[in-house]
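Here is a short briefing on helix packing, loop geometry and charged pairs. Look through the structure first, then read the points below.

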Amino acid sequence: LQLLWEDLFHLRNQTWRTLEVEAILLIGFVITDVTLRNHYVSWLLAAAVVLSVLSGAAATLHHRKTQIRILTHINHVEIALRIVGPEYIDNVVIPTEMVWLDVLNPRRHSTPLYILRMHAVLLIFTLTYVSATHIL
């Protein structure tokens, strides 16, 4: 049971880490673009940021599915061990899966969905920045 909880926390840390790496890549891209003003380098770095954001978003969605599996398993183990009841944490809700469109749904909110929204923000910023500085 302890290992399952540790896996769950490790998963959450990985999800946050993808967002951190993307933000660092984006900052590096903008600084490099402003400093060098080389279109080839800028397009290469922008592509790296976009691929990183898409990979991070895919990891976030995958981690949510894994989180659901782990929490469901924990719930089954707790029931089997009879450590569920009012004297313990009661009414634990297993989270629901997410899809990309949930980013647009203001009624849904959770930490993984916030992270997914931030992936979308970084993607939109990168595409907007590139189109404004290198296409127009």
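Which residue forms a salt bridge with Arg17? Glu20 does, and the closest N and O atoms are 2.5 Å apart. This is a predicted model: local features need pLDDT of at least 70, side-chain atom pairs count only at pLDDT 80 or more, and totals for chains, interfaces and linings use all residues. Residues are numbered from 1 along each chain as its sequence is written, and side-chain values use heavy atoms, with hydrogens and water left out.

**Salt bridges**

- A salt bridge here is a side-chain nitrogen of Lys or Arg within 4 Å of a carboxyl oxygen of Asp or Glu. By this rule the count is three.
- Side chains of opposite charge can pair when their charged atoms come close.
- Glu20 and Arg17 lie three residues apart in helix α1, so about one helical turn separates them. Helices are DSSP runs (H or I, at least four residues), numbered from the N terminus.
- Glu20 is partly exposed, at 39% relative accessibility. The classes are buried under 20% relative accessible area, exposed over 50%, and partly exposed in between (1.4 Å probe, protein chains only).
- Asp33 pairs with Arg37, with the closest N and O atoms 3.4 Å apart. Asp33 is buried, at 2%, whereas Arg37 is partly exposed, at 47%.
- Asp102 and Arg108 form a salt bridge at 2.6 Å, N to O. Asp102 counts as buried, at 10% relative accessibility.

**Loop residues with positive phi**

- Most residues other than glycine have a negative phi.
- Arg37 is not a glycine, yet its phi is positive, about 55 degrees. Arg37 sits in the loop between α1 (2–36) and α2.
- Arg82 also is not a glycine and has a positive phi of about 60 degrees. Arg82 lies in the loop between α2 and α3. Arg82 is exposed, with a relative accessible area of 73%.

**Packing of α2 and α3**

- The axes of α2 (residues 39–80) and α3 (residues 111–135) come within 10 Å and cross at roughly 165 degrees. Axes are lines fitted to C-alpha atoms over the stretch in contact, and angles run from 0 to 180 degrees between N-to-C directions.
- α2 and α3 are therefore roughly antiparallel, a term for angles over 145 degrees.
- The crossing of α2 and α3 is left-handed: the near helix is turned anticlockwise from the far one by less than a right angle.
- The contact residues divide into 16 nonpolar, nine polar and one charged. Ala, Val, Leu, Ile, Met, Phe, Trp, Tyr, Cys and Pro count as nonpolar, Asp, Glu, Lys and Arg as charged, and the others, Gly among them, as polar.

Methods:
Helix = DSSP H or I, 4+ residues; strand = E, 2+ residues; numbered from the N terminus. Parallel < 35°, antiparallel > 145°, perpendicular 65-115°, else oblique.
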